[in-house]
Amino acid sequence: MVYSYFPGCTLKNKASDLDLYARKSAEVLGITMEEIEEWQCCGGVYPLGANETAPKLASVRALVAAKEKGQDLLTLCSACHHVLKRVNNDMAENENIRTKANNYMQLEVPYAGETKVVHYLEMLRDVVGFDQLKAKVVNPLKGTKIAAYYGCLLLRPSKVLGFDNPENPKIMEDFIKAIGAEPVIYPYRNECCGGYMAMENKELAKKKSSTVLQSAKENGAECVITACPLCMYNLKVNGGVDDLPVYYFTELLAQALGVK
Amino acid sequence: MQRIGVFVCWCGSNIAATVDVQQVADELAKEPGVVYSTNYQYMCSQSGQQMIQEAIKEHHLTGIVICSCSPRMHEATFRKTAAAAGLNSYMVEIANIREQCSWIHKNKEEATEKAIILGRAAIAKVHLNAPLTAGESPVVKRALVIGGGIAGIQTALDIADAGFEVDIVEKKPTIGGKMAQIDKTFPTLDCAACILTPKMVDVAQNEKIHIYSYSEVESVKGFVGNFTATIKKKARYVKEDVCTGCGLCTEKCPMKKVPNEFNQMLDNRTAIYIPFAQAVPKVATIDPNACMMLKNGKCGVCSKVCTAGAIDYTQKDEYIEQQYGAIVVATGFNTIKLDNFDEFAYSQSPDVVTSLEFERLMNAAGPTGGTLLRPSDHTHPHTLVFVQCVGSRDISGCGKPYCSKICCMYTAKHAMLCREKYPDTEVYVFYIDVRTPGKNFDEFYRRAVEEYGVHYIKGMVGKVAPKDGKLMVQASDLLANDQLLIEADMVVLATAIEPDESARSIATMLTASMDTNDFFTEAHPKLRPVESPTAGIFLSGVCQGPKDIPETVSQASAAAAKVIGLLVKDKLTCNPCVAESNELMCNGCSACEKVCPYGAITYSDKEFRTPYRTTIMRRVASVNPAVCQGCGACTVACPSGAMDLKGFSTRQIMAEVDAICK
Amino acid sequence: MEKNEKELAQLIQEISGLNPKKCMKCGKCSGACPAFHEMEYHPHQFVDMVDRGDVNRLLESKSIWMCLTCFACVERCPRDVKPANFIEAARLALIRQQGCNHLKDEAVPPLLDEEMPQQAIVSAYRKFKK
């Protein structure tokens, strides 16, 4: 399977591990990730105003690029996934935004949300299959108790993201089982880490991140995994629980597949 | 040529304010065949009707057109008026210039023009009307009640009381329904079983009532007064007439880990079981999905211990065909699934329960013998949080858009009972609105607050997080403008109710209409609340819309009264507007037979004369006028134009269309 | 705040593209909000204040800058009101005015640290300034 791949800014810098291990693992799994040429930053947050078209254009360009190659668009960063998925939904369902964006872009064939946006985890679940993944694991993380941290952006709003049950998800737990470890279910795995507030209101980010980590720890977690660079930052820097390491899920995937 | 009279009604200002009734009468007077045309303030009033009758006699009218409200309102009235003056009822046509004209238009000029056109169409039709005579059909003096909850029980008892035979078809092994699961009833707090079980016994002992328990209605054919239902008696593997209900088999059955539906899966039952002590009929049933003997032929314990010899592993489903004059739907409700509401941690913690589960936890016959214990560790809970409107009033797609109506009251009841039985508990109720419109209902709720010290908090729970055996309830307190975090031992969710899953297939079977929420539609929301628009079908209980026990019982008795009113009649007047097949044109293709929803069309070979004194046999359709409901589906399906509907013939309809397009 | 308050409320509604009247005032949004205690006015009040045209005090309050845009309110709202979108619309109504950026460029460098991901900076810029 060949995907168009949208890495996003952070994966080219601070979160290069998230990217690196995803690529290495993909090779083992027979997945080809073709990075889109000249992709632009998604903006980090989805523009919520009904009359905001311009901030969505960068995403539309990526979506169109994937469509032109006839490929699904693979994402890794939760924020990029959230933005691309929602902009794509707008292009499919919001006539106002679709018309304005197409008028601006002046494409030969107007874009109407044809590209399928797929998160790496969804790809593991739906294309590779967790059973197949399990079969390819050479270095199972036996006995490790791992808490999956979903955060907000992958799950909500579930009507558009369609990622998993937004209040009781299981995709990351199934992933943890597939790499041979033991998932830890804890109630704050879908609550906010503090997000972008980390910059302006560090105290709030600290409160939120520590609630998440403490809840994970109380439930017996030995480490936490995430798909989001900002969650990673908040949990690590603002979480206040030092003996609970946080990894990108791709790092543990690569480890299990023996390519780390 | 017909002699036609036109009567234009003002309907007070309903029509006259938007339509120039004088002009309509004047214009229609010019139509061919119209010999009399007038207008009047209230045509349906006694003086209005008298005016029509006098005009019929004076002007020797052979047909009349009433320009008024919808024929659904007053067609029957004016038909009777005409008949009293010696004019055949079916020589009356209504032009609907209210619902289809004055009410929906603002511009008087345009509305007047449209009213004239509608009048013209009716006149064109009357020209082609022929007198029709309604036939009669007999009424089978027996009623079918689908569902054996409190609604079905009350309806059946009332019908039987009037001397008619009634069959109750209940899909579960016992009648009793949801009320049998309930602990206490608001607002008087009498025990549900104490008031329900005598009624269940009455049903069992009533000679006029037959209970088909563990049975389902498979199909229904026919029409009002003359339905034929096929009832499937599911194999219970126990001879109903032999079993004494001693319960020995249920004690000895080795398969003890079957989730117990009656206790909302909070404990287990055996594979052979009697749902509860007061079950009617008190007969054991073998669950074929759990029984080892039925699954792989290994066991047979129940058969060995049964001294009556009632066990029969070879029993098969049985089909019974029965005639009925009327059918009552009393299919009831269920609580919705909570898959879309995981923020309340229902699937994560056993201590988060639905209100119906809570009923069982408080019930002396429930899994804890009536002592309130947490399902997780069987300890006594100290702090309880009740959440109202879980899945009700929800237009997000996760729940139901309507108010489930019963939750405010039963939550007040639960909270009150909790505080009464266990004064050491702290009880919180999160509400959006407290709705208590019923006799002594608001007083009841206020008692919960004022006398029992239940903490009512206006706001909603946003998240329930299980933590160290407790439940952290994060919620808003809107009046204090605060967000609370309550450490609770149990959370009780006032879960929305929805019609039973069988309702839709039953509605299809009965050609009875439903709303978008799968509640049965009543014939009129105010004036005919217990009748379905389909003749002979009546509605009882929650199948028509959310309601509590007092309201259900009222409606059940009302439905019974309507059924009795039907069954006392020896004959029903048939609709004479039925289909008719022109045998000379019929090509025997069966298209009409296939589309007929009532099974009114049959085919037979008939001999027809042909030239040179020969004959041929041809297959032709014929319509049973007693069964035909006049829907007209066959007339549309017929490729050769052989099918026509009396009173709505193709010629008549085309004449109307021509008049409109002129 | 030169603009007439009613007009401003209208503008916020327009930017949101949503109908605040769908709210039945159950308060589930405020029960779900992780930043509730940082706010003077809470999610359900945002919706109500926009609906009533009572927005001046809202826009002057620091509450509108506290929303984490975690979408818990959007996800759990039984009436599909989307309170987070109203908060964003209020922010946009403000920062689209000249000189009303919540985040000033010169204030940014001291807020950064070695590990802060680009995503945080980009998001904060999008959320707090135009």
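**Cysteines, cores and crossing helices**

Hi everyone, let's start in chain B: the sulfur of Cys631(B) is 6.3 Å from the closest cysteine sulfur, which belongs to Cys596(B), and that is too far for a bond. Please keep in mind that this is a predicted model.

Now look at chain A.

Next, the nonpolar cores. In soluble globular proteins, nonpolar side chains tend to be buried together. Here the largest nonpolar core has 146 residues. Which residues have the most contacts inside this core? They are Tyr120(A), Leu124(A), Leu133(A), Phe175(A) and Phe249(A). If you look for the element that gives the most to this core, go to chain C: helix 6, residues 83-95, supplies 9 residues. The core also draws at least three residues from each of domain 1 and domain 2 of chain A.

Let's zoom in on Leu124(A). Leaving out residues up to four places away in sequence, Leu124(A) touches Leu29(A), Gly129(A), Phe130(A), Leu133(A), Phe175(A), Phe249(A) and Leu253(A). There is also a second, separate core, with 40 residues, including Val8(B), Val21(B), Val24(B) and Ile64(B).

Back to the domains of chain A for a moment. Domain 1 covers residues 2-120, and domain 2 covers 130-257. Taken over C-alpha atoms, their centres are 23 Å apart. How many residues are in contact between the two domains? On the domain 1 side there are 21, and on the domain 2 side there are 19.

Last stop: a pair of helices in chain A. Helix 2, residues 57-69, packs against helix 3, residues 78-93, at an angle of about 80°, with the axes 9 Å apart. Angles of 65 to 115 degrees count as roughly perpendicular, so that is how helix 2 and helix 3 of chain A lie to each other. To find the spot on your screen, pick out Ser59(A), Val60(A), Ala62(A) and Leu63(A) in helix 2. Those residues meet Val83(A), Leu84(A), Val87(A), Asn88(A) and Met91(A) in helix 3.

Terms used:
Residues are numbered from 1 along each chain as its sequence is written. Chains are lettered from A and ligands numbered from 1 in the order in which they are written. This is a predicted model: local features need pLDDT of at least 70, side-chain atom pairs count only at pLDDT 80 or more; totals for chains, interfaces and linings use all residues. Side-chain values use heavy atoms; hydrogens and water are left out. A nonpolar core is a set of buried Ala, Val, Leu, Ile, Met, Phe, Trp, Tyr and Cys residues joined through side-chain atoms within 4.5 Å. Buried means under 20% relative accessible area, exposed over 50%, partly exposed in between (1.4 Å probe, protein chains only). Helices (H or I, at least four residues) and strands (E, at least two) are DSSP runs, numbered from the N terminus. Domain bounds come from an automatic or database domain assignment. Contact means heavy atoms within 4.5 Å. A disulfide is a pair of cysteine sulfur atoms within 2.5 Å. Axes are lines fitted to C-alpha atoms, for helices over the stretch in contact, and angles run from 0 to 180 degrees between N-to-C directions. Angles under 35 degrees count as roughly parallel, over 145 as roughly antiparallel, 65 to 115 as roughly perpendicular and the rest as oblique.
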